Amino acid sequence: MTKSSEKSARTRAREFALQGLYQHLVGRNAAQDIDAFTRDLSGFHKADSAHYDALLHGCIAESAELDARLAPLLDRPLAELSPIEHAVLWIGAYEFLHCPDVPWRVVINECIELAKAFGGTDGHKFVNGVLNRLAPQVRGEEVARDPARRG
């Protein structure tokens with residue numbers, strides 16, 4: 001496990017975005033209110049604020065589209081997801097769609113780590129399964145080129 005001082009700015013951005021998306025899912029807080037609150041939190045200055053902005057505002061703005069992509073891959077209704085799992089899946093789906101500079105395996109690994117750190121006992125396994133099914137749909141060429149996927 002990496003010490004928090006060793007976390008990348010993008011990892012920190014994902015953590016802050018996850019907290020914000022949780023507030024949105026649970027409290028229906030507006031993105032602007034969440035953003036203002038989050039930027040005042042301890043440690044935010046170490047996060048990649050541009051990536052945080054993209055994730056927080058992008059996931060909220062595209063929540064219906066992200067849910068539509070995720071729903072067919074789930075083993076339960078969206079309404080039964082924990083808010084943490086739901087937010088982590090939004091982050092993964094959003095990064096697959098809009099952050100081509102982040103390799104698909106990095107997206108999955110980062111989301112697994114978020115689910116382990118903030119979610120329920122086996123939430124990371126669920127997140128891993130869903131994102132591994134989503135990756136070929138939205139990053140087909142990249143996944144197909146991955147030598148570890150052949151076999």
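Tutor: Let us begin with a definition: helices (H or I, at least four residues) and strands (E, at least two) are DSSP runs, numbered from the N terminus. This is a predicted model, in which local features need pLDDT of at least 70 and side-chain atom pairs count only at pLDDT 80 or more, while totals for chains, interfaces and linings use all residues. Residues are numbered from 1 along each chain as its sequence is written, and side-chain values use heavy atoms, with hydrogens and water left out.

Student: How is the packing of two helices described?

Tutor: Two packed helices are described by the angle between their axes and by the distance between the axes. Axes are lines fitted to C-alpha atoms, for helices over the stretch in contact, and angles run from 0 to 180 degrees between N-to-C directions. Here, helix 4 (residues 63-70) and helix 5 (residues 83-98) pack at an angle of about 95°, with axes 10 Å apart. Helix 4 is therefore roughly perpendicular to helix 5; angles under 35 degrees count as roughly parallel, over 145 as roughly antiparallel, 65 to 115 as roughly perpendicular and the rest as oblique.

Student: Which residues make the contact of helix 4 and helix 5?

Tutor: Contact means heavy atoms within 4.5 Å. Helix 4 contributes Ser63, Glu65, Leu66, Asp67, Arg69 and Leu70, and helix 5 contributes His86, Leu89, Trp90, Ala93, Tyr94 and Leu97. By class, this contact of helix 4 with helix 5 has seven nonpolar, two polar and three charged residues. Ala, Val, Leu, Ile, Met, Phe, Trp, Tyr, Cys and Pro count as nonpolar, Asp, Glu, Lys and Arg as charged, and the others, Gly among them, as polar.

Student: Is Glu85 buried or exposed, and with which residues is Glu85 in contact?

Tutor: Buried means under 20% relative accessible area, exposed over 50%, and partly exposed in between (1.4 Å probe, protein chains only). Glu85 lies in helix 5 and is buried, because its relative accessible area is 10%. Leaving aside neighbours within four places in sequence, Glu85 is in contact with Arg76, Gly123 and Phe126.

Student: Where are Val130 and Pro136 found?

Tutor: Val130 is in helix 7, and Pro136 lies in helix 7 (residues 123-138) as well. Val130 counts as buried, since its relative accessibility is 0%, whereas Pro136 counts as partly exposed at 33%. With neighbours within four places in sequence left aside, Val130 is in contact with Leu70, Leu73, Leu74 and Leu89.

Student: What is the phi of Arg28?

Tutor: Phi of Arg28 is near 55°, a positive value in a residue other than glycine. Arg28 is in the loop between helix 1 (9-27) and helix 2 (31-39) and is exposed, with a relative accessible area of 59%.

Student: How many disulfides are found?

Tutor: A disulfide is a pair of cysteine sulfur atoms within 2.5 Å. A search of the whole structure finds zero disulfides. For Cys59, the nearest cysteine sulfur is that of Cys99, 9.0 Å away. Cys59 is buried, with a relative accessible area of 0%.
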